[in-house]
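The entries below keep to what I looked up.

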Amino acid sequence: MLKNNLKIAWRNLVKNGVSSFINIGGLAVGMAVAILIGLWIHDELSFNKYFQNYDRVAQVMTKWKLANGARTSQPMPLGSALQSAYKQDFKSVILSTQTEDHVIAFGDKKFRQSGKFMQPEATEMFSLRMLRGSRAGLNDLNSIMIGESLAKKLFGDADPMDKVLKIDNNLNVKVTGVYEDFPHNTDLNNVTFFSTWDLYATANNWVAQKAHDWTNNWVNIFVQLAPNADFDKVSAKIKDLKTPHVGPEEAAAKPSVFLQPMSNWHLYSSFGNAGERIESEALRAVWFYGIIGIFVLLLACINFMNLSTARSEKRAKEVGIRKAVGSVRGQLIFQFFSESLLVSVFAFLLAIVLVLLILPWFNGVADKTLNILWTNPFFWLSGITFTFFTGIIAGSYPALYLSSFNPVKVLKGTFRAGRFAAIPRKVLVTVQFTVSIALIIGTIIVYRQIQFAKDRPVGYTREGLLAVPMATPDFQGKYDLLRNELKSTGAVAEIAESASAVTGIDSGNGGFNWKGKDPSFKDQFGTLSVTYEYGKTIGWKFIDGRDFSRELKDSTGFVINEAAVKYMSLKNPVGQTMQWDRYKAKNFKVLGVIKDMVMNSPFEPAYPTIFFLSPDDSKNWIFIKISPHVSTANALPKIEGVFKKLIPAAPFEFKFVDDDYAAKFAAEERIGKLSGFFAALAILISCLGLFGLASFVAEQRTKEIGVRKILGASVLNLWGMLSKDFVMLVIASFVIATPIAFYFMYNWLQKYQYRTDLSWWIFAGAGVGALVITLLTVSFQAIKAAIANPVRSLRSE
């Protein structure tokens with residue numbers, strides 16, 4: 001019986017080639033989208049599961065009831081307190097630096113790499129998969145363990161073990177192990193080396209001074225729980241550990257120490273203003289794309305339902321004869337389910353091929369390294385189950401509907417589908433276009449928000465501006481020499497140094513005082529130490545006052561931005577005297593006010609920022625303005641030559657500031673591209689179904705069209721008649737989609753303080769676009785039917 005059903009199913013597929021193509025093609029596209037999104041969600045949900053101790057490792061964090069967010073950086077003595085007071089709850093407690101960039105050198109090869117200095121137990125905690133050496137590799141003071149990719153860069157195919165490397169041209173370390181690179185879906189994916197905490201402390205004398213300082217938050221602390229310990233219970237025990245040791249100001253904010261399990265690092269890493277855990281962007285994305293995947297697959301299933309029910313009259317006699325010769329309804333249901341399952345299997349196989357073709361592009365857009373899980377039994381079990389249920393869902397309505405036909409009416413020729421038979425099809429088409437129009441509106445708004453932020457004045461000149469990281473101590477103290485040499489090349493207009501990148505503020509401070517300040521006001525500014533030429537180099541724009549001047553020796557001068565003026569409620573800021581607790585014996589004078597510069601997120605208001613001169617503060621970045629009279633291609637070799645001459649121990653690495661600024665839009669552009677991709681597929685699926693339905697309607701009304709044409713109806717009249725119903729369905733879809741899209745996109749925009757508005761033309765444009773696509777899709781069949789010779793359709797009458 002099964003063989004017979006499959007044979008009949010195959011013959012029906014071949015006989016109705018166009019309909020079969022639409023069914024299989026539409027389902028395949030829907031399934032491909034579902035598989036892609038499924039792989040993406042699997043990657044997100046399996047974040048950090050690479051580590052064997054995934055369910056026992058946590059990071060120590062602090063949150064405040066009366067302050068914003070939660071902090072990963074902790075005071076150094078907190079680690080010792082956890083080890084001594086709660087030893088029974090932890091298998092290990094380790095101190096670690098932040099993940100930072102350092103120059104790793106071997107001979108003439110120098111690379112800027114991200115790494116950590118950690119205590120020796122870290123290798124077991126993070127279950128490094130060793131390719132050479134053992135996890136005990138950090139027991140020696142001057143040791144380093146490197147990732148596979150870094151070993152390849154430095155040594156090629158040679159054995160790296162026991163080779164001596166230099167860190168920042170300062171520390172000699174011996175390679176004691178090579179570990180497998182961390183996968184992309186881990187929070188340590190960019191860490192390419194581990195060295196010892198004690199070596200870091202020995203090389204930096206100030207670390208010993210911070211060993212008992214509870215006010216300086218600068219280390220990461222990771223813990224591995226003891227076998228019988230519980231994250232929540234241990235968090236409850238340690239929550240007040242910091243309070244007795246901090247100053248009255250921080251104690252008033254009620255700091256609470258807690259454990260952030262590794263399982264929460266990725267999807268549950270966001271905290272609200274009172275330190276409460278809130279839904280992260282990553283988790284929102286999982287829900288968002290998961291829902292899109294379900295809807296796109298649903299659209300494909302709707303196509304199959306619509307085309308199968310639409311062609312019911314053609315199969316009515318088959319159902320009547322089969323029932324007349326003894327077939328029961330259950331056998332007919334099984335027959336139709338067999339057909340839908342066969343379509344589903346073909347669609348799944350085609351979907352796999354589509355995924356293989358699309359995956360490289362998808363990985364690039366989504367910033368992932370996804371692969372089809374060929375060897376994963378769960379993937380194949382999910383695929384088979386997924387295919388089965390898709391076939392059942394897609395074929396359920398046709399199977400139940402077609403099998404219910406009355407054989408007597410069918411064989412007597414009195415069976416008619418009825419005036420209400422088309423209603424389910426119209427509802428399903430409306431659902432299809434509602435989803436498609438909503439996705440189109442969402443995509444337009446995402447791109448409009450990105451463009452809105454890109455058009456925002458940035459307050460400085462990005463073009464021709466290079467940023468060079470001061471990767472090693474060799475850069476320090478060579479500013480004047482570098483400046484003179486670079487300017488003498490004729491390729492450089494100006495050069496400056498600063499503590500932070502121009503596209504980000506790394507330092508924030510309070511403790512400022514000015515005339516009219518409320519004594520109870522707790523101030524917080526972005527603070528940026530710069531050199532005299534900083535403003536000339538980046539091209540900031542003054543609205544009042546002047547720039548720093550070497551001639552006037554403005555060592556106690558401040559340049560502030562517009563946001564700082566508003567923050568301090570100053571009417572005439574230039575010339576105002578300010579004090580800073582950091583420099584108690586100094587009075588600072590406001591020299592000038594600049595236009596707000598976009599230094600952090602382009603979607604947020606400018607942060608109140610103070611720029612100051614401090615020769616004592618170490619600088620981290622060199623900014624170079626290329627001369628407008630010299631091409632970049634000619635300027636770069638000259639600049640590189642100067643750096644190699646004056647700082648030969650460090651690699652010459654740079655980035656263009658405009659590229660760095662463009663990277664700030666990466667997350668939103670990713671959402672826009674993926675939304676546009678899924679919207680395009682949703683429209684494609686909907687149009688495939690619409691094309692099939694239009695073909696059926698034209699075929700069903702062939703005789704009516706012939707009669708109307710003989711009676712004088714024009715091609716335009718007939719085109720309008722055949723298109724009218726579909727146009728009305730799209731209009732209904734637009735009416736439903738508009739408030740839905742408005743609600744979700746309005747809420748999405750609320751997370752941006754600097755945001756675009758929801759203009760009416762966005763919704764109107766999406767509706768008109770959907771209408772045009774519908775007319776183009778339907779018109780081919782409508783015009784084809786309208787220009788057909790009526791003699792052919794009426795000669796049998």
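**Strand β1 and its partners**

I began with β1 and strand β2 (residues 70-71), and found that the two pair in the antiparallel sense over 2 bridges. I noted that strands here are DSSP runs of E with at least two residues, that helices are runs of H or I with at least four residues, and that both are numbered from the N terminus. Two strands count as paired if DSSP finds at least two bridges between them. Within this pairing, Thr 62 stands opposite Arg 71 in β2.

Before going further, I wrote down that this is a predicted model, in which local features need pLDDT of at least 70 and side-chain atom pairs count only at pLDDT 80 or more, while totals for chains, interfaces and linings use all residues. Residues are numbered from 1 along each chain as its sequence is written, and side-chain values use heavy atoms, with hydrogens and water left out.

Next I followed β1 to strand β13 (residues 255-261), where I found an antiparallel pairing over 7 bridges, with Leu 259 in β13 as the bridge partner of Val 60. β1 is also joined to strand β12 (residues 217-225) by 3 bridges, again running antiparallel, and there Ala 58 has Val 223 as its bridge partner.

Is β1 enclosed or open to the outside? I found that 7 of the 8 residues of β1 (residues 57-64) are buried, so the strand is largely enclosed by the rest of the structure. Buried means under 20% relative accessible area, exposed means over 50%, and partly exposed lies in between, using a 1.4 Å probe and protein chains only.

**Strand β5**

I then turned to strand β5 (residues 100-106), which is joined to strand β6 (residues 109-118) by 7 bridges, the two running antiparallel. Glu 100 has Gly 115 in β6 as its bridge partner. The two strands form a hairpin with 2 residues between them, and Gly 107 in the turn has a positive phi of about 65°. β5 also runs antiparallel to strand β9 (residues 164-167), with 2 bridges between them, and Ala 105 stands opposite Lys 166 there.

Asp 168 is not a glycine, yet its phi is positive, near 55°. I located Asp 168 in the loop between β9 and β10 (171-179), and it counts as buried because its relative accessibility is 13%.

Asp 367 likewise has a positive phi, of about 55°, although it is not a glycine. I placed Asp 367 in the loop between α12 (329-366) and α13 (377-402), and noted that it is partly exposed, with a relative accessible area of 42%.
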